[in-house]
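Welcome! Please take a moment to look over the sequence and the 3D structure before reading on.

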Amino acid sequence: MAEQSKTYCPYPFISSHANVSGKFAPCCNADTVAKHLGLTKKEAYEYSLESKTYKEWFNDPFMKDLRQQFIDGKRPSICKVCWDSEDVGAESYRTNILSKFEIKDPLNPTIQYLDLKFSNECNLACRMCDYHSSNQIGKDMAEFEKRGWELPLNWERSPQQDKRIDENFIRGYSDDVLHEIDSFIPDLRYLKVTGGEPTISKQFNRIIDSAISSGHCEHIDLWLTTNATRLTPEYLQKLKGFKSIFLNISVDGYGTTYNYIRYPFKWENFEKRIEDIVNFKKSNPDLNFEFNFTCVPQLYNVENLPKLQEWVKRIKASDVFLQPQIGPTDTDHDWKWLPIDILQNSISNIVPNRNSMSFINLVLKHIKDPFVVPVNNKQLTTIKTNTVRVDTVRKQNYLDSLEEKTIKWLEGIKVDAR
């Protein structure tokens, strides 16, 4: 490739990726191949870890064709999430990785980067999450079903997931997959891990310990998406042998809004963990160690986002990235269901920068051309019903947790959620 094309993305040339359900995709931000192609369950089996290894997927005709499309300057439709962000002038997963990777020989790609989701085991049950990414959600689902309540859209059961989870709703990699992952360690340059919560996963800790004990951690950049609840000083010390450490810390609110969304952890405990991380960085000035924050804007926290930004600024950390995409489409948590005045007020108080512009631009686009006109009262009734029902199961109350205008809006939606 004499000159890099304008649409070029490094991921298909260096990475082999499967989501927590074992379905293959070009990266964690793209649709799975099965969803993209509209495959039946039987056909989708061919694009999963149950049928192929990571290496076989990397060399699959689909991946070879995808790489050629990027070389030719095309925009593969499976990468729509990135194109949507870039089309409104914002950063994307693709543009963020471009500065980090230079592929010297695109015609001979090799696996240098692994983006892994070892399991859905987690210690939090965040409001917008599902049981594919947190086994704790499964416990709430079971309580809903016990009470005869319809499950929220993002909690809908998957027959395939139900076949593979254990009694604690946990699903992880098989021993064969773990063995293959371990075999990549000697030649690996980048290891990115999400979850679930990686730090409580026995499988993740097994791979980390293997990399450390073998000495291969010295040539591996570790990128960890984490809720930070288990990042004690002792655990951070354990990671020091890696070439570099980057923590992407999930935080979806400030103060009581954090407590409400990222149940059952408490804001004061989260602040203590962040203080430990800041102190670790200060105590190891020669260590290549960085961290940032990512937040998923949703109807429960949009009004709270300026406070979160202010807090990040106060602790002198890098800014918080506002990830505007929330799935599934039209989920009860989507910020687009909020009244226009709450959205306008929020973005007028959010500091506009590279970490917030994608969200701001999408809100402005929505305000100009709302996706629901007039307001879909049935949808709002569902939102209020599920809000109250989850509150009931978790012994929470939105009246004690959210911001003033959001509370007033929810109060105005009259339902019987019993």
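This report walks through the sheet, the aromatic rings and a pocket of a predicted model.

## The sheet

Let's begin with the strands. In this model, 8 strands form an open sheet, and their order is β2-β1-β3-β4-β5-β6-β7-β8. The pairing within this sheet is mixed. The edges are taken by β2 (24-25) and β8 (320-322), each with a single partner strand, so one side of each has no neighbour in the sheet.

## Around strand β6

Now follow strand β6, which covers residues 244-250. Is this strand mostly covered or mostly uncovered? β6 is mostly covered, as 6 of its 7 residues are buried.

On one hand, β6 pairs with strand β5 (residues 221-226) in the parallel sense, over 6 bridges. You can find one of these contacts by looking for Leu224, whose bridge partner in β6 is Leu247. On the other hand, β6 is joined to strand β7 (residues 289-295) by 6 bridges, and these two strands also run parallel. Here, Ile245 has Phe289 in β7 as its bridge partner. A helix belongs to the picture too: β5, helix α12 (residues 233-238) and β6 together make a right-handed β-α-β unit.

## Aromatic rings

A pair of aromatic rings is described by two things, the distance of the centres and the angle of the planes. Across the whole structure, a search finds 27 aromatic pairs. One of them joins Tyr8 and Phe13: the ring centres are 5.0 Å apart and the planes are at 40°, so this pair is tilted. Both Tyr8 and Phe13 are buried.

Trp335 and Phe359 make a pair as well, with centres 5.4 Å apart and planes at 85°, so this one is edge-to-face. Trp335 lies in the loop between β8 and α16 (340-349), while Phe359 lies in helix α17 (residues 357-368), so the pair ties together parts that are 24 residues apart in sequence. Trp335 is buried, with a relative accessible area of 1%, and Phe359 counts as buried at 0% relative accessibility.

Some rings also gather in a group. Tyr254, Tyr258, Trp267, Phe270, Phe280, Phe289, Phe291, Phe293 and Trp311 form one aromatic cluster.

## A look at Tyr11

Tyr11 sits in helix α1 (residues 11-14). Is Tyr11 buried or exposed? Tyr11 has a relative accessible area of 3%, and because the cut-off for buried is under 20%, Tyr11 is buried. Tyr11 and Cys27 are 16 residues apart in sequence, and their C-alpha atoms are 6.7 Å apart in space.

## The second largest pocket

Finally, let's turn to empty space. Rolling a probe the size of a water molecule over the atoms shows where such space is left. The second largest pocket holds about 230 Å³ of space.

Which residues line the second largest pocket? Its lining is made of Glu150, Leu151, Pro152, Leu153, Asp330, Asp332, Gln379, Thr382, Thr385, Asn386 and Arg389. Sorted by class, the lining has 3 nonpolar, 4 polar and 4 charged residues.

Key. Residues numbered from 1 in each chain as written. Predicted model: local features only at pLDDT ≥ 70, side-chain atom pairs only at ≥ 80, totals over all residues. Heavy atoms only, no water. 1 Å grid on protein atoms, 1.4 Å probe; cavity = no way out; pocket = protein on both sides within 12 Å on 5 of 7 lines; lining within 4 Å. Points joined across faces, edges and corners; volume = space filled by probe spheres on them. Nonpolar A, V, L, I, M, F, W, Y, C, P; charged D, E, K, R; others polar. Buried < 20%, exposed > 50% of the residue type's maximum accessible area, 1.4 Å probe, protein only. Helix = DSSP H or I, 4+ residues; strand = E, 2+ residues; numbered from the N terminus. Pairing = 2+ DSSP bridges. Right-handed = clockwise from strand over helix to strand, strands pointing away. Phe/Tyr/Trp six-rings, centres within 6.5 Å; stacked < 30°, edge-to-face > 60°.
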